[in-house]
Amino acid sequence: MKKITRVLMSVTCLVLLTVFTTGCTDKVDKKAVRQEQERMVGVTAQKFDSIKKIEFKKFEQHSGARTWFASAVINDNIYVRYEIDKVDGKSEIGMIYNSNELKEKKEEAKKVELNDIEIKYYEG
């Protein structure tokens with residue numbers, strides 16, 4: 001009887017662990033992900049000069065910190081990482097980059113036309 005109880009407890013723990021690890025990640029639709037990528041492009045174009053192309057390579061949620069990040073390449077040679085807390089269109093966008101080729105504008109542009117930038121979205 002003790003063996004059956006141990007087996008059932010082990011199976012129950014395994015099922016609960018699986019439910020918590022897969023069920024606790026935030027679910028977002030592709031439209032929301034695309035909108036966040038557009039916001040990221042907008043922030044980048046407002047802040048930096050000579051943005052011609054942005055290609056998103058990844059858009060994922062970090063399971064430990066529960067924040068979202070996107071990896072992208074600007075103008076085929078500048079690697080950046082964006083971070084947001086939620087995929088809600090309101091979270092502040094953080095940007096990590098290490099490049100001397102990315103020149104900040106003297107004054108941030110108030111409105112930027114995304115049509116002037118070639119964007120390759122991450123579809124996941």
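Helices (H or I, at least four residues) and strands (E, at least two) are DSSP runs, numbered from the N terminus. This is a predicted model, in which local features need pLDDT of at least 70 and side-chain atom pairs count only at pLDDT 80 or more, while totals for chains, interfaces and linings use all residues. Residues are numbered from 1 along each chain as its sequence is written, and side-chain values use heavy atoms, with hydrogens and water left out.

Helix α2 (residues 30-47) gives the most to the lining of the largest pocket, with four residues. A pocket is an open set of points on a 1 Å grid over the protein atoms alone, where a 1.4 Å probe fits, with protein on both sides within 12 Å along at least five of seven lines; lining residues have an atom within 4 Å of a point. Among the lining residues are Lys-30, Arg-34, Phe-59, Trp-68 and Tyr-121.

The largest nonpolar core has 25 residues, of which Phe-56, Ile-74 and Tyr-82 touch the most other members. Such a core is a set of buried (under 20% relative accessible area, 1.4 Å probe, protein chains only) Ala, Val, Leu, Ile, Met, Phe, Trp, Tyr and Cys residues joined through side-chain atoms within 4.5 Å. Two or more residues each come from α2, β1, β2 (68-74) and β3 (78-84), and α2 supplies the largest share, five residues.

Gln-61 lies in strand β1 (residues 53-61) and is buried, with a relative accessible area of 16%.

Definitions and conventions. Buried means under 20% relative accessible area, exposed over 50%, partly exposed in between (1.4 Å probe, protein chains only).
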